[in-house]
Amino acid sequence: MAGTKKVALITGANKGLGLEIARQLGREGVTVVIGARDIAKGQTAANTLQAEGLDAHAVKIDVTSAEDIAALPAFFATKFGGLDILINNAGVMKEREGEVNAETLRSTFEANVIGPFAVTQALLPLLKASLAGRIVNHSSILGSLTVNSAPDQISTEWLAPAYNSSKAALNMLTIIQARQLADTKIKVNAAHPGWVKTDLGTDAAPMETPDGAKTAVRLALLPEDGPSGGYFHMNDTLPW
Ligand SMILES: NC(=O)c1ccc[n+]([C@@H]2O[C@H](COP(=O)([O-])OP(=O)(O)OC[C@H]3O[C@@H](n4cnc5c(N)ncnc54)[C@H](OP(=O)(O)O)[C@@H]3O)[C@@H](O)[C@H]2O)c1
C-alpha cells in the first residue's frame, strides 16, 4: 500500500486522454505519475497539473523499452512507497501513416500489447501489496471481435488490421489477467473511451477529452465490490 494517498501511473500521459485521466484522478486526491517516453514532455505535463493544484509527477517510460520498465518498481517503491493504480494508456494507431505491412503490425503490437503486458508484470508485486490495486487497459471498441465481424456495426474503413487486432489482444490479456488475479484485491478491466478528439482520435471525433477520460477514471477508482475482467464504455458493458 502506497501511504495514505493512492498513487497512480498513467502511461502515455503527456497529452491526450492520458493527461486528462491524470487530471481527473488528481482531482480525486490521487497522486498521479505521468508516464512519458519523452521525459521533458512528461515534466511539462506534470507542471501543468501542479499549477492546477494537483499532486503530479513524471517518470520516463517508453513502454517498448525493457530498460525503462525494469526501473519502474524501484522508482515507485522508493519515491512513493508503492503503487495502487496502473492505467495502460499509451497506444499507437499507425494505419493512417500509409500501407499496413508486417512491420506495422509488429511495432503496433510492441506498443499496444507487449508494452502493457510487460509494464503490468513488472508492477504486479506493488499492485498486489495495495489495498485496492486497479489495472485499466485502455482498449477501444475497435478491439471487439463482435463489432468487427458485424457489417452493420462497423464500416470497412474502420477495419484497421494492426490497431484493431492489437486492441483485441489487449482485451484477451485483460480477461486472462483478471482471472489469474481473481484471488487478489486487484481488479483488471478494459476501457473504451469513446471516439475522442486527440492526435490519435483526430479532430473529426465527436467527444472531448473530459468525457473521454471518464471510463478509465471510473475503473481506476472501482470500489471493492466492483467488476473485474470486464470491457466498458462509461457504465455500459461492451461485447468482446
Ligand atoms: N482518441 C480516441 O478516439 C481513442 C479511442 C479508443 C481508444 N483510444 C486509446 O486511448 C489511448 C490514448 O490515446 P489518445 O487518443 O490520447 O492518443 P494520443 O493523444 O496520440 O496519445 C497517445 C499517447 O501514447 C504515447 N505513446 C505512444 N507510444 C508510446 C510508447 N512506446 N511508450 C510510451 N508512450 C507512448 C504518446 O506519447 P508521444 O507524445 O511521445 O507520442 C502519447 O502520450 C490509446 O491507447 C488509444 O488507443 C483512443
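Reply: Valine 7 stands opposite threonine 31 in β2. This is a predicted model, in which local features need pLDDT of at least 70 and side-chain atom pairs pLDDT 80 or more, while totals for chains, interfaces and linings use all residues. Residues are numbered from 1 along each chain as its sequence is written, and side-chain values use heavy atoms, without hydrogens and water.

Strand β1 (residues 7-10) pairs with β2 in the parallel sense over 4 bridges. Strands (E, at least two residues) and helices (H or I, at least four) are DSSP runs numbered from the N terminus, and pairing requires at least two DSSP bridges between two strands. From β1 the chain passes through helix α1 (residues 16-27) to β2 in a right-handed β-α-β crossover; that is, with the strands pointing away from the viewer, the path from the first strand over the helix to the second runs clockwise.

β2 is also joined to strand β3 (residues 56-60), in parallel, by 5 bridges. Here glycine 35 has valine 59 as its bridge partner. The crossover from β2 through helix α2 (residues 39-51) to β3 is right-handed.

In β2 (residues 31-36), 6 of 6 residues are buried, meaning under 20% relative accessible area with a 1.4 Å probe, protein chains only. Thr31, Val33 and Gly35 cover one side, and Val32, Ile34 and Ala36 the other. Val32 and Ile34 are among the residues touching the most other members of the largest nonpolar core, which has 27 residues. Such a core comprises buried Ala, Val, Leu, Ile, Met, Phe, Trp, Tyr and Cys residues joined through side-chain atoms within 4.5 Å.

Conventions: Buried means under 20% relative accessible area, exposed over 50%, partly exposed in between (1.4 Å probe, protein chains only).
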